[in-house]
Amino acid sequence: VHLFALHGFAAVPVRDIARAVGIKDASIYSHFASKDELLDIIIDHFRAAFWSSIPPVEKLEWILARCPPWAFLVQGFSLFKQRVEDPVMAWTYQVLMREKFSNNRAAEAWAAHREHVIGYVETAFRVMVAKELIPARDPRGLARLYEYPMLLLLENYITELCNGRPTQAIEDEIFRHKRFFFELLTGSAPDAEMEAQNGKNQTIG
């Protein structure tokens, strides 16, 4: 995965993969039918790791009865950071981010991931509206308004992380986006106590 993240899937020959794991070139095909199968495994791992790292959709109503909107927004990024603390997961993100422009399977996987994230957040906003935690607005529109900038910021975060560069500037930008969206959503800024939650882990599931 690291080789693909650094050089791109198409640019890494089978012999380099074999050397990286300490086996002969031909032995790769004892484990995988083709190099393309490796990308399929990476995509499957990415999907499974994502869904296992967030609370199930069916628990959102229970969670949002205990976790106010600002805390929910903050916790979303905290969960993402925990997920990519695993270098393999960070490299997996990087592989899909690179390959979505040139590989159809990667492009489809990334597009599906984006829609899954938006759908998850849409469900959360729908619950917030039903519980009168936020004003009555279109949950789908809110999810897109919130997540499209977030997805771009998270791509930048992954790029900096995988290249060993500081991520604080992007983290600050993510916080500003959350704050702006919260003000747009509720008509008021998070208070000092709410803002103190930024970056703290909270158990929501």
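Biologist: Which residue follows α10, and what is its phi?
Modeller: Glycine 187 follows α10, and its phi is positive, near 85°. Helices here are DSSP runs of H or I with at least four residues, numbered from the N terminus. The model is predicted, so local features need pLDDT of at least 70 and side-chain atom pairs count only at pLDDT 80 or more, while totals for chains, interfaces and linings use all residues. Residues are numbered from 1 along each chain as its sequence is written, and side-chain values use heavy atoms, with hydrogens and water left out.

Biologist: Which residues of α10 are buried?
Modeller: Ile170, Glu171, Ile174, Phe175, His177, Lys178, Phe181, Phe182 and Leu185 are buried. Buried means under 20% relative accessible area, exposed over 50% and partly exposed in between, with a 1.4 Å probe and protein chains only.

Biologist: Where do they fall, seen down the axis?
Modeller: They fall within an arc of 160°, so they line one face of α10. The arc is that of the directions from the helix axis to the C-beta atoms. On the other side, Ala169 and Phe180 are exposed.

Biologist: Now the loop between α8 and α9: what is the phi of glutamate 132 there?
Modeller: Phi of glutamate 132 is near 60°, a positive value in a residue other than glycine. Most residues other than glycine have a negative phi.

Biologist: Is glutamate 132 buried or exposed?
Modeller: Glutamate 132 is exposed, with a relative accessible area of 71%.

Methods: Helix = DSSP H or I, 4+ residues; strand = E, 2+ residues; numbered from the N terminus.
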